[in-house]
Amino acid sequence: MKEKLISMVGNKIDSLNVFIDDVKLVNSNNEKVLEIVLDREEDFIDLKTVVMATRILNPIVDEMKLDIDSLDVYAKEKGGNYE
């Protein structure tokens, strides 16, 4: 599924300077959730970028006609000192 999604997305999120790091299908509260984890080479991914990527990814996921209840797109957690 990850490879198919990455293939369908192509370069559509390149302008956001992010890439798909992982794709997972999980069961949460009796719902099938497709989780897409975004990453970038440097820096953190801000919320605005995640929202913009979600707007691009959502219709592509719909086109795949997966049996899911919801889509969750988020940024990969980066290590750091948050003091």
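Biologist: How many of the nine residues in strand β2 are buried?

Modeller: Strands are DSSP runs of E with at least two residues, while helices are runs of H or I with at least four, both numbered from the N terminus. Buried means under 20% relative accessible area, exposed over 50%, and partly exposed in between, with a 1.4 Å probe and protein chains only. β2 is mostly covered, and the count of buried residues among its nine is seven.

Biologist: Which pLDDT must side-chain atom pairs have in order to count?

Modeller: Residues are numbered from 1 along each chain as its sequence is written, and side-chain values use heavy atoms, with hydrogens and water left out. This is a predicted model in which totals for chains, interfaces and linings use all residues, local features need pLDDT of at least 70, and side-chain atom pairs count only at pLDDT 80 or more.

Biologist: Which pattern of elements does the protein follow along the sequence?

Modeller: The protein has two helices and three strands. Read along the sequence, these elements follow the pattern α-β-β-α-β.

Biologist: Which are the edge strands of the sheet?

Modeller: Three strands form an open sheet with mixed pairing, in the order β1-β2-β3; two strands pair if DSSP finds at least two bridges between them. Each edge strand pairs on one side only, and these strands are β1 (19-28) and β3.

Biologist: What is the average twist from one strand to the next?

Modeller: Axes are lines fitted to C-alpha atoms, for helices over the stretch in contact, and angles run from 0 to 180 degrees between N-to-C directions. From one strand to the next, the twist averages 20 degrees.

Biologist: Which residue of β2 is the bridge partner of Phe19?

Modeller: β1 and β2 pair in the antiparallel sense, over nine bridges. Their hairpin has two residues between the strands, and there Asn29 takes a positive phi near 55 degrees. The partner of Phe19 in β2 is Asp39.

Biologist: What is the handedness of the crossover from β2 to β3?

Modeller: β2 (residues 31-39) and β3 (residues 70-75) run parallel and are joined by six bridges. The chain passes from β2 through helix α2 (residues 47-64) to β3 in a β-α-β crossover. A crossover is right-handed if, with the strands pointing away from the viewer, the path from the first strand over the helix to the second runs clockwise. This crossover is right-handed.

Biologist: At what angle does α2 run to β3?

Modeller: Contact means heavy atoms within 4.5 Å. Helix α1 (residues 2-9) packs on the sheet, touching β1 and β2, and its direction makes about 130 degrees with that of β1. α2 lies across β1, β2 and β3, and its angle to β3 is about 145 degrees.

Biologist: Why does Lys24 count as partly exposed?

Modeller: Lys24 lies in strand β1. Leaving aside neighbours within four places in sequence, Lys24 is in contact with Val33, Leu34, Glu35, Val37 and Tyr74. Lys24 counts as partly exposed because its relative accessible area is 33%.

Biologist: What relative accessibility does Asp43 have?

Modeller: Asp43 is found in the loop between β2 and α2. Phi of Asp43 is positive, near 65 degrees. Asp43 counts as exposed, its relative accessibility being 60%.

Biologist: What radius of gyration does the protein have?

Modeller: The radius is taken over C-alpha atoms, and the globule rule is 2.2 Å times the number of residues to the power 0.38. A compact globule of 83 residues would have a value near 12 Å, which agrees with that of the protein, 13 Å.
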